[in-house]
Amino acid sequence: QQFVGNFFHVNVDQVQQYLQQQPWVYQVAVRKQWPGTLVVVVTEHSPVAVWNSDFLLNKKGEVFKAPLTQLKESLPQLAGPSGSEQDALTMFSQVQSLLALHQFQASSLSVSPRFAWQLTLSNGIELKLGREDTLKRVQRFIDLYPSISKHKAEAIEQVDLRYDTGLAVRFAPAPVQPEKRKA
């Protein structure tokens, strides 16, 4: 509405700049077409992940801001320092592919400023993966999960895979049973 005018007075660059600033707009092209048409081609962002709880990532790993309440589906949660967006998206994709082969699913991935990775599975298990051999460590978890899960009845909270020759498992505390009173 602020660009209302006749065909000759409309500034195509201003229209394009205004549209480019709108949420969900990835790219926009505006041109005049004689005798009296303004052609606008808009390409929208396709979000693949939530970044640092407030932003979104598109499939190219580019950060953009749009209302998260408008998301139609739940997206994986990725987090890390500025500049690590593409690394996090690539790592998440690789880890998710490996997990999917074994009926696991990742829900979030974070990377620390020192590039240590931490992954949370959709079943709530947190995997500490460290900085090196990340996919090998995920595979070690997959290989050992049947043994770990039958070892104790309590739910697994965290598996630390940062060791060269082993792992550490933290189980959720057993639910407290109410004491039976003698009548």
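Predicted model: local features only at pLDDT ≥ 70, side-chain atom pairs only at ≥ 80, totals over all residues.
Is Phe115 buried, partly exposed or exposed at 34% relative accessibility? Phe115 counts as partly exposed.

The protein has three helices and eleven strands. From the N terminus, the elements follow the order α-β-β-β-β-β-β-α-β-β-β-α-β-β. Of its 183 residues, 32% count as buried. The protein exposes about 12,300 Å². Carbon and sulfur atoms supply 50% of that area. Among contacts with a separation of 6 or more, 37% come from residues 24 or more positions apart.

Nine strands build an open sheet. Their order is E5-E4-E3-E6-E7-E8-E9-E10-E11, and the pairing is mixed. Strand E5 (63-64) and E11 are the edge strands, and each pairs on one side only. Within the sheet, strand E7 (residues 106-111) pairs with strand E8 (residues 117-121). The sense is antiparallel, and five bridges are formed. Ser110 stands opposite Gln118 in E8.

Two helices are described against these strands. Helix H2 (residues 85-100) lies across strand E3 (47-51), strand E4 (55-58), E5, strand E6 (77-79), E7 and E8. H2 runs at about 140 degrees to E7. Helix H3 (residues 134-151) also packs on the sheet. H3 touches E8, strand E9 (126-130), E10 and E11. The direction of H3 makes about 145 degrees with that of E9.

Another pairing involves strand E1 (residues 25-33) and E2. These two strands are antiparallel and share eight bridges. A hairpin of three residues joins E1 to E2. Arg31 stands opposite Val39 in E2. Strand E2 (residues 37-44) also holds Leu38. Leu38 is partly exposed, with a relative accessible area of 37%. Together with Val40 and Val42, Leu38 forms a nonpolar patch on the surface. The accessible area of the three residues together is about 220 Å². In a regular strand, side chains alternate between the two faces of the sheet.

The loops hold several residues of note. Phe115 lies in the loop between E7 and E8. Phe115 has a positive phi of about 65 degrees, although it is not a glycine. Gln103 lies in the loop between H2 and E7. Gln103 likewise is not a glycine and has a positive phi, of about 60 degrees. Most residues other than glycine have a negative phi. Gln103 counts as exposed, at 71% relative accessibility.

Ser84 occupies the loop between E6 and H2. At 2% relative accessibility, Ser84 counts as buried, because the limit for buried is under 20%. Which residues does Ser84 contact, leaving aside its neighbours within four places in sequence? The contacts are Trp51, Val111 and Phe115.

Side chains of opposite charge can pair when their charged atoms come close. The count comes to two salt bridges. In one, the side chains of Glu157 and Arg170 meet, at 3.0 Å from N to O. Glu157 lies in strand E10 (residues 156-160) and Arg170 in strand E11 (residues 168-171), so the pair ties together parts that are 13 residues apart in sequence. Glu157 is partly exposed, with a relative accessible area of 32%. Arg170 is partly exposed as well, at 43%.

The other salt bridge joins Asp160 and Arg162. Here the closest N and O atoms are 2.6 Å apart. Arg162 is partly exposed, with a relative accessible area of 44%.

Conventions:
Residues numbered from 1 in each chain as written. Heavy atoms only, no water. Patch = residues over 30% accessible without salt bridge, like charges linked within 9 Å, V, L, I, M, F, W, Y side chains within 5 Å. Areas by Shrake-Rupley, 256 points an atom, 1.4 Å probe, with all protein chains shown as cover. Salt bridge = Lys/Arg side-chain N within 4 Å of Asp/Glu carboxyl O. Helix = DSSP H or I, 4+ residues; strand = E, 2+ residues; numbered from the N terminus. Buried < 20%, exposed > 50% of the residue type's maximum accessible area, 1.4 Å probe, protein only. Pairing = 2+ DSSP bridges. Contact = heavy atoms within 4.5 Å. Axes fitted to C-alpha atoms, helices over the stretch in contact; angles between N-to-C directions.
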